[in-house]
Amino acid sequence: MSAATLVRTRPQWTRFATPAVSVYVALVLLLVVGSVLVGARGGMLLDQGGILNILTRSTALGLVAIGQTMVILTGKLDLSVAYLIGLCSLIGAETMAGDPGMILPAVLLTLACAAGVGLVNGLVVTKLKVNAFIATLGMALIIRGYLENAYTGPAGEVPRVFQHLGYDRIGPVPISALLMLALAALAWWFLTRTRGGYHLYAVGGDEEVARFSGIRTDRVVVLAHVLCSVAAGLAGLFLASRLGSGAPWVGTDAGYDLESIAAVVLGGTLLAGGRGGVAGTIGGVLILATLDTTFDDLGVTPFFKDVVRGAVLIAAVALYARRRGLR
Amino acid sequence: MSVTGLTDEAPVVRLRGIGKQFVGNPVLRDVDLDLYAGEVHALVGENGAGKSTLMKILAGVHQPDSGVIEVDGREMSFASPRAAQAAGISIVHQEFNLLGDRSVAENIYLGREPVRRGQVDRKRMEADTAGLLDWLGERGISPRTLVRRLPVAQQQVVEIVKALSTDARVLAMDEPTAALADHEVELLYDLVRRLRERGIAILYVSHRLREVFDLSQRITVLKDGELVTCRPTRELTSDQLVRHMVGRPLEALFPDRADPEAPGEVQLALRGAGNERVHDIDLELRAGEIVGLAGLQGAGRSAVARAISGVQPFTEGTVELGGAAVRIRSPRTAVRRGVAYVTEDRKGEGLALRQSVRDNALLVRRAAFGRRSLGRLDLAALLRSVTVLARSEDQEVRRLSGGNQQKVVLAKWLAVEPKVLVVDEPTRGIDVGAKQTVYELLRGLAREGVAILMISSELPELIGMSDRVIVMHDGRIAGALPAGPSEEAVMALATGHELEAA
Amino acid sequence: MTGMNGTTTTTGAGRRLRLADGTAPVLAVLAVLLVALAFTGPAYSEPAGYLALLKRAAPLMILAIGQYFVIVSGGFDLSVGSLVTAEVVIAARLIDGDEAATLWVIPFVLGFGALIGLVNGLITTQLLVPSFIVTLGMLLVLDGAVFLWTGGSPRGALSESFRMVGREGFDVPLIGQLPWSVLLLTALVVAAVLFMRGGTGRMLVAIGDNQTAVRFGGGHVERVRTLAFVLSGTSAAIAAVLLGGFAGVSAQVGDGLEFRVITAVVLGGVVLGGGRGSVVAAMAGALTLEALFSLLNLLGISGGLESTVQGVIIIAAVAYASVGRSKFRTRKGTS
């Protein structure tokens with residue numbers, strides 16, 4: 001009853017103020033404020049270096065967050081990505097072992113391993129009915145154990161050709177960032193234009209309803225986990241190309257597990273699933289990267305960034321919750 | 001389409017001699033059922049009579065142990081709901097099967113999205129949806145609207161269109177009004193009538209006799225898994241129907257009224273009370289009486305209940321409890337002042353389903369009152385007095401039948417010894433046997449001095465139970481009637497006739 | 001089905017012996033682990049060995065109590081790990097080796113924990129932000145703020161009396177030395193069990209099951225949910241006192257504790273999302289986890305494989321519990 005009256009009184013324009021749109025508005029505002037602040041100290045936020053910095057920071061997180069978006073849209077989450085990134089960087093770098101001829105096999109092997117991990121995650125969640133939080137946390141511990149046991153530090157070597165992937169750029173725009181954006185576009189197409197994507201949203205919206213409608217929900221959840229892990233594998237390969245070798249803790253040091261969830265949620269995707277998308281996620285990633293770059297330029301200690309990041313995350317989700325509540 | 005015309009044509013669906021057992025217990029024995037194009041066929045019976053099982057056999061969820069299903073004269077067997085859908089039989093579930101964050105079209109074609117060149121063909125999906133809505137005469141719904149933004153009644157329409165979109169010719173509807181607010185039921189009626197005009201056969205399962213008489217052309221009564229009778233609706237009165245269902249007449253269900261000579265003190269008084277839904281409500285409720293609150297769908301009966309109980313409080317006028325003016329701003333203030341509120345949505349608002357009978361019975365006591373502010377409670381005696389049938393006090397409430405769940409809800413309120421009890425549709429979705437228990441419990445409470453305000457959409461029930469009937473129309477009180485008014489007198493006030501005449 | 005009449009013969013005592021839903025598996029696993037410990041480690045042939053285990057497990061078990069309150073009412077608290085670190089670092093900085101300061105620093109630390117929980121609870125209930133996000137944000141804020149304050153490395157030192165609770169014990173005839181932490185743990189266990197038996201405790205579970213029913217029943221839903229976060233924050237503060245005493249000042253003391261404690265609670269059969277599980281089982285989950293670590297240590301399994309085994313066991317235990325439970329979920333009410 002009251003819902004109906006609210007629908008009528010709500011101004012038309014608010015229809016377009018979806019979370020994804022507001023994220024980009026916030027991003028623009030942040031860039032403006034950041035530019036002013038940095039400018040006041042005699043620097044420049046969006047010079048060549050600044051843009052490069054923001055985009056480079058965004059690439060690895062963006063890759064993981066695209067995958068994480070898929071999983072969160074189905075109402076699950078993946079806490080194993082951080083360790084998986086480290087594992088994948090090692091698999092890639094060790095298989096390449098400096099030999100340019102091994103790049104393709106190494107990439108394929110890495111992604112296959114990542115897909116395998118995602119498959120196990122998905123099967124544990126769907127067939128053994130283990131809560132995704134626990135299932136992927138368990139997987140994280142398993143991978144961590146392997147990494148601790150088998151490695152003491154960086155290993156393997158990436159051939160020079162492969163390093164180009166991490167460092168080449170067109171103007172201020174890194175090739176790798178473009179590849180990440182291309183992947184985001186592909187994910188967007190998948191989510192909004194294909195049956196697979198439709199079913200992902202359906203499972204996240206209400207698994208029972210999806211099942212009643214004849215959707216094989218287990219397959220959808222497994223698929224989401226596989227895609228997420230493959231995306232983490234790509235991030236691992238990208239980081240290996242930046243570092244020149246594989247590093248066991250490259251994913252966990254940056255906290256890509258919680259960071260990617262934060263980016264997705266910041267981008268307006270509902271943690272409970274069924275609503276949101278990749279466009280918002282990329283916006284969320286860019287906001288986090290811009291915050292980092294701005295604070296670097298301002299010379300603020302890195303610890304302050306965490307404080308702001310936490311506050312921004314809570315505030316953003318509070319705003320989404322408020323607006324959703326009003327509708 | 002007339003009922004007499006039915007016999008000329010062959011039924012769309014014919015069930016013959018259907019039998020079904022679950023782990024050795026026969027739940028259906030030798031049941032026949034014919035469904036004709038363009039008829040609403042009501043299926044009624046107490047809980048456990050086998051209605052849902054019969055419906056699920058028709059929809060392919062269960063397979064019968066014996067008997068034959070014929071569609072258009074051809075014998076079929078449905079291995080799955082999909083197979084039944086392919087034969088043109090769809091089911092509209094009691095609970096909504098919709099995704100709030102997806103559009104109308106996306107919901108209707110969920111799991112069956114048309115694909116063109118690797119992509120979902122959105123244009124076709126939306127055009128087909130618009131076509132279906134148009135065919136039904138529902139022009140107010142856009143295929144692109146998110147379902148979350150639609151009122152519940154229109155969501156019900158989407159649900160029905162979803163069932164129709166598989167080219168269904170037979171729709172099985174399981175308590176379709178269960179989730180609807182009062183004023184939305186009328187919209188559903190319209191839709192069902194339009195479906196009928198378009199030649200759809202409808203199997204309509206409902207506990208609400210009024211709906212059955214309003215909508216159906218024929219009624220099949222099941223009792224203990226067997227067919228009692230199948231008659232045209234106009235040949236039956238509600239008395240006869242109840243007798244078929246339970247084997248005794250309607251009046252026998254209702255306990256004796258209160259002694260009109262001995263009205264107690266005024267427990268609740270509303271003077272000029274109102275909020276955005278209702279206005280100028282003047283009402284007195286005395287200890288020991290049951291006052292019925294009648295009115296058409298949407299007249300504001302539930303809004304009054306919700307205001308008294310503090311869920312959506314009054315913003316104007318005064319409320320007096322036990323003679324003292326009070327401001328009720330939240331459920332907590334209402335509860336602590338002795339107001340109990342049995343909501344119409346038992347599962348969503350009344351019970352913590354995964355908790356035990358004991359924890360639910362103690363819920364209000366613990367939630368609203370401090371440790372020692374109430375006297376001792378003999379829980380076992382309380383549960384006995386409301387005749388809850390449960391394996392033990394530790395049994396989870398979700399395992400109980402609807403009737404027993406409702407008794408737990410009553411127990412939870414009785415545990416705090418309320419002075420005013422507001423009950424909204426207290427017998428919705430429970431079988432006739434349990435209804436009678438609820439009636440007796442309510443009357444017993446009144447005799448002990450509780451003031452009861454009762455809302456029900458079933459007029460015979462409301463009239464049979466009430467010592468006075470107050471009728472609402474369009475958010476206001478249209479008039480008050482003494483005990484045992486005729487249905488016509490109530491309806492005249494409810495529809496606003498007398499207001500206009502005066 | 002029998003009527004209530006038939007069941008009223010069940011006495012209250014008989015009822016209380018019944019285990020709460022989902023408790024049995026974790027107790028079975030725990031029993032197996034304890035027996036295995038007795039066979040592998042000579043230290044476990046007498047009570048002292050088990051007391052030492054309890055002493056090690058006490059911080060996690062206490063955290064599990066707090067986390068249980070939050071999870072059973074339908075939330076998450078991811079901030080406890082950072083909170084433990086923050087508390088230890090703050091205490092060290094404030095005390096700075098000064099015995100006299102201990103007296104007011106301990107209450108201060110407890111108050112700070114409660115305050116953080118209060119903030120978590122208020123944001124969750126008033127701003128309607130999912131608690132997963134709120135406490136994730138709080139985790140980031142605490143991490144950053146503590147290091148901002150200390151400049152990157154913890155300074156100061158804890159006093160002897162501060163460390164006493166986590167480190168020492170007192171002599172009891174027959175069983176030898178009884179650690180203070182075990183005594184404290186026992187007191188908290190009793191308090192938690194009594195709390196969960198009482199009205200507020202039952203309200204927590206009911207809220208996790210159906211908030212609306214509790215609100216319409218006159219309950220303070222927001223207040224009770226906030227209380228759960230406050231208790232969780234306080235439990236982190238107590239755990240910090242024990243851990244600080246046990247392990248000393250370090251900036252890594254709380255690392256990963258949030259996940260470990262949630263694991264422990266879930267291992268105890270408490271369902272994420274709320275409404276099911278008992279506090280005793282949650283603590284049993286924590287003890288099981290610590291017993292598992294001890295066993296792995298005794299078996300000479302190195303640090304690396306330890307977490308692998310932990311991961312496998314967590315998944316296996318939860319899988320067993322959920323698949324096993326669904327087997328009992330038979331179809332009911334056929335009409």
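Modeller: Let us begin with B:Glu175, which lies in the loop between strand E9 (170-174) and helix H6 (182-197) of chain B. Please bear in mind that this is a predicted model.

Colleague: What makes B:Glu175 a residue that has no salt bridge?

Modeller: The nearest side chain of opposite charge, B:Lys51, is 5.8 Å away. Among residues beyond four places away in sequence, B:Glu175 touches B:Gln94, B:Val205, B:Ser206 and B:His207.

Colleague: Why are B:Glu349 and B:Arg306 called a salt bridge?

Modeller: Their closest N and O atoms are 2.6 Å apart. The limit is 4 Å, and therefore the pair is counted as a salt bridge. It links distant parts of the chain, with B:Glu349 in helix H11 (residues 346-350) and B:Arg306 in helix H9 (residues 301-308) of chain B, 43 residues apart.

Colleague: How do you know whether B:Glu349 is buried or exposed? And what of B:Arg306?

Modeller: B:Glu349 has 13% relative accessibility and so counts as buried, the term being used under 20%. B:Arg306, at 16% relative accessibility, counts as buried by that rule.

Colleague: Which class does each partner fall into in the salt bridge of B:Arg428 with B:Glu344?

Modeller: B:Arg428 is buried because its relative accessible area is 11%, under the 20% limit. B:Glu344, at 22% relative accessibility, counts as partly exposed, since that class lies between 20% and 50%. The closest N and O atoms of the pair are 3.3 Å apart.

Colleague: What makes the salt bridge of A:Arg275 with B:Asp101 one that crosses between chains?

Modeller: The closest N and O atoms of A:Arg275 and B:Asp101 are 3.4 Å apart. A:Arg275 is in the loop between helix H13 (256-266) and helix H14 (278-298) of chain A, whereas B:Asp101 is in the loop between strand E6 (89-92) and helix H3 (104-108) of chain B. Both A:Arg275 and B:Asp101 are buried.

Colleague: How many salt bridges are there between chain B and chain A?

Modeller: The count is 2. B:Glu113 also forms a salt bridge with A:Arg195, the closest N and O atoms being 3.3 Å apart. On the side of chain B that touches chain A there are 8 nonpolar, 6 polar and 11 charged residues.

Colleague: What is the area buried between chain B and chain A, and what is it between chain A and chain C?

Modeller: Between chain B and chain A it is about 2200 Å², of which carbon and sulfur atoms give 53%. Between chain A and chain C it is about 3200 Å², of which carbon and sulfur atoms give 83%. A:Phe133, A:Ile134 and A:Ile314 supply 18% of the area that chain A buries against chain C, more than any other three residues.

Colleague: How many salt bridges and polar contacts lie between chain A and chain C?

Modeller: There are 0 salt bridges, while 4 residue pairs are in polar contact, both residues at pLDDT 80 or more. The largest share of the side of chain A that touches chain C, 13 residues, comes from helix H6 (132-150) of chain A. By class, that side of chain A has 27 nonpolar, 6 polar and 6 charged residues.

Notes:
Residues numbered from 1 in each chain as written. Chains lettered and ligands numbered in written order. Predicted model: local features only at pLDDT ≥ 70, side-chain atom pairs only at ≥ 80, totals over all residues. Heavy atoms only, no water. Helix = DSSP H or I, 4+ residues; strand = E, 2+ residues; numbered from the N terminus. Buried < 20%, exposed > 50% of the residue type's maximum accessible area, 1.4 Å probe, protein only. Buried area = accessible area lost by both parts, 1.4 Å probe. Nonpolar A, V, L, I, M, F, W, Y, C, P; charged D, E, K, R; others polar. Lys, Arg positive; Asp, Glu negative; His and termini not counted. Contact = heavy atoms within 4.5 Å. Polar contact = N/O pair within 3.5 Å; in protein donor to acceptor, adjacent residues only side chain to side chain.
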